[in-house]
Amino acid sequence: MKRSESGSIIPLGIGIITLSAIFALVMVELIGVQLQTLQNKQLADVLALKVATDLQRDQIAPVQNLDYLPVVKDLVTEAALQLKINPMEISVMSADGRTISATVCTNWKSITGITLGQLGRVCAQAKARAIS
């Protein structure tokens, strides 16, 4: 006894298309976070290298836990405009007295426009040795 199966594959097609669209949106957002992290990393690199270069040129050892942000405030403004980012949190200091560490954080910006308010922050860190 053979049974005949009949029906439509339209629900299956709709499901596959929906899952593909969701996957594509998630991948676009992940790429957007990576690009934003790269921009933050570029600013952090510039800040860490600037402070480390200045200290090495003046032959001054970094002071532990001293905030070097006021020294590079103008550079932050200029670089942020070039990179088209709006840093929310910036830290430039030395924890060990030898290495300058810069951290730059911005609010997460959605590429697709699908946001859930202030969902999160994207941060990047860079280090440069001031004294070798």
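**Ground rules.** I number residues from 1 along each chain as its sequence is written. In this predicted model, local features need pLDDT of at least 70, side-chain atom pairs count only at pLDDT 80 or more, totals for chains, interfaces and linings use all residues, and side-chain values use heavy atoms, with hydrogens and water left out.

**Disulfide.** I looked for cysteine sulfur atoms within 2.5 Å of each other, the cut-off for a disulfide. I found 1 disulfide. It joins Cys105 to Cys123, with S to S at 2.0 Å. Cys105 sits in strand β2 (residues 99-107) and Cys123 in strand β3 (residues 121-129), 18 residues apart. Strands here are DSSP runs of E, at least two residues, and helices are runs of H or I, at least four, numbered from the N terminus. The link is right-handed, with 115° about the S-S bond.

I then checked cover. Buried means under 20% relative accessible area, exposed over 50%, and partly exposed in between (1.4 Å probe, protein chains only). Cys105 is buried at 2%. Cys123 is partly exposed at 35%.

**Helix α1.** I looked up Phe23, which lies in helix α1 (residues 10-57). Phe23 is exposed, at 56% relative accessible area.

Gln36 is also placed in helix α1. Is Gln36 buried or exposed? Gln36 is buried, at 3% relative accessibility. I listed its contacts (heavy atoms within 4.5 Å). Apart from neighbours within four places in sequence, Gln36 touches Thr106, Asn107, Trp108, Lys109 and Val122.
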